[in-house]
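Subject: Structure for you to look at

Hello,

Here is the structure I said I would pass on. My notes on what was found in it follow below.

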Amino acid sequence: MEKILTVKNLTKKFGYLTAVKNLSFTIEKGNVYGILGPNGSGKSTTLGIVLNVVNKTSGDFSWFDGSINTHQALKKVGAIIERPNFYPYMTAVQNLKLVCKIKEVSEDKIEEKLALVGLLDRKNSKFKTYSLGMKQRLAIASALLNDPEILILDEPTNGLDPQGIHQIREIIKIIAAQGTTILLASHLLDEVEKVCSHVVILRKGEKLYSGRVDEMIASYGFFELKAEDNEALLSFLKLNPNFSSLEEENGIITANLKTELSATELNKELFNSGIILSHLVKRKESLEEQFLELTKNESN
Amino acid sequence: MLRLLQIEFIKLWNNRASKVLILSYFILMVLIAGISMIKVDFGPLKFHIADVGIFNFPYIWHFNTFMAAFLKLFLAIVIVSMIANEYSNKTIKQNLIDGLSKKELILSKFLTIGVFSLASTVFIFLISLILGLIYSDFNEVSIIFSDLEYLLAYFVKLIGFFSFCFFVGVLVKRSAFALGFLFIWFIGAEIIPYTYLASKYSKEVADSVSRFFPFGSMWSTITEPFSRLNVIKSAAQQVGEDISRDYSVQPLQLLIVLCWTTIFIYLSYVLLKKRDL
């Protein structure tokens, strides 16, 4: 796998506060990465460091296997950090032309990218007349001008209304489908869950996990069950060695698995034992549950 | 290099305030030529500014560069806001993320300063040349093109001044505060010490100290041209005062200003490098 970004033992201190602590991870080409963490966990600081706007205290990072220096590498990267920053007195097209000059790419793609984010009809309006959602979309268009190897988005839906959030997510999905590597920092778990294949989880500047989303915690998932006779169901499940723990809430029994067991198999066994289910769902923990699980373990 | 200038040009030219200030700066320079039109006609007191001799070659180089230098205050506003706006719009952060290196960012601003200074110098050269050709009493080529070092001094003076403005812009990050800082520096760190030294010791002592200060060094590049005029000279002689002095441009003085320029640009770079955005 081609490495796009390697971060090694990165540390950033703001005075006595350590914002990023000894962080290491690798971003490989073609995947969609999420950086997850509550507010103040060091996501933006980490991105700031690799994007050359925040100075690191110690550690190292290299773009594209260290083949080019950071500022050259950034021309192959598209990034938006926090709020969209443009010249308020310039129109969308003028702003994008400036970005083209900085990135040393041709201006041919301006129209195409504006069309992608749905701003073509407002291309000659000044940036200051844009709504926040439009500003954010312009920022994405700007980040895509150089057809980047990797697109870095820091809280892209922050502060947007539901419609704006939806638009941004649709755009991200389109870009991801084109095979662009994406690094998405967010504190919104469902957002990361919807688009990311890999995840780095941070808390107080420390890495809790990095790897595939579905391998985050060793889990076989769980069943949600309901039957006419819940008592019989419970006693059956208690005797079954496949389950680690059982919980009953509002008449629905949650049974956590400790080995692999398919829903068909369970249903068959139950039916053979004379227990007929009215509700059967097999689920894996959502990212949110996994995240809470993970952060809980660490805090103990 | 051209790319860096283009980047800065796009930023400045699309900003209406900057555009107006730049244009009015150059228009005001042309208006210097308007001085020549002034004719005082008060009954017995009749005189035409152009007849006093201020447009004589080579004196005109001295006079015009000295006078035009005051207009640099207009461009100071442009220079300060050119960097302070980058901070307040946070576009400086976006520029760096987009792949402009910190060195390139400083260089693009410094090149712009250089272009402004050079354009002003060329402009004042042309205006003076035209005015001189119209009004000067001496029109030999060797006289016309003598004493051109005033233009060099003017150029250095502008570069030094704008670099100072730029540095303060980087330091303070807000246009209004930066301009305020420059003003307070001018009064507090240059005028007050100067008057103190001048009153306690002598004007010569004060001069010799102030020529090493930022504003003082720029001020000292071009000596005031008024006492050089024949009218003033003879008037002074009548009251028994001899005010002949050295009016030439001193290379050492230019060197001091260039040192300050280097210091200011380098410090701006260090500041930008050290700060987290």
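This is a predicted model: local features need pLDDT of at least 70, side-chain atom pairs count only at pLDDT 80 or more; totals for chains, interfaces and linings use all residues.

What does β8(A) pair with? Strand β3 of chain A, residues 32-36, runs parallel to β8(A) and is joined to it by four bridges. Strand β9 of chain A, residues 206-212, pairs with β8(A) in the antiparallel sense, over six bridges. A:V199 has a bridge partner in each of these strands: A:G34 in β3(A) and A:G211 in β9(A).

On the domains: chain A is divided into domain 1, residues 3-215, and domain 2, residues 222-283. Taken over C-alpha atoms, the centres of domain 1 of chain A and domain 2 of chain A are separated by 44 Å.

Now the contact between the chains. Chain A puts 23 residues into the contact and chain B puts in 22 residues. On the side of chain B that touches chain A, the elements giving two or more residues are α1 (2-13) and α6 (91-97) of chain B. Of the elements on that side, α6(B) gives the most, with six residues. By type, the residues on the side of chain B that touches chain A are six nonpolar, nine polar and seven charged.

B:N89 sits in the loop between α5 (72-88) and α6 of chain B. Which residues does B:N89 touch, not counting residues up to four places away in sequence? They are A:N85, A:Y87 and A:P88.

Why does B:N89 count as partly exposed? B:N89 has 17 C-beta neighbours inside 10 Å, and a residue is called buried if there are 20 or more and exposed if there are 12 or fewer, so B:N89 falls in between.

If you open the model, β8(A) with its partners β3(A) and β9(A) is one place to start, and the loop that holds B:N89 is another.

Regards

How values were computed:
Residues are numbered from 1 along each chain as its sequence is written. Chains are lettered from A and ligands numbered from 1 in the order in which they are written. Two residues are in contact if their C-beta atoms, placed from the backbone, lie within 7 Å. Ala, Val, Leu, Ile, Met, Phe, Trp, Tyr, Cys and Pro count as nonpolar, Asp, Glu, Lys and Arg as charged, and the others, Gly among them, as polar. Two strands pair if DSSP finds at least two bridges between them. Domain bounds come from an automatic or database domain assignment.
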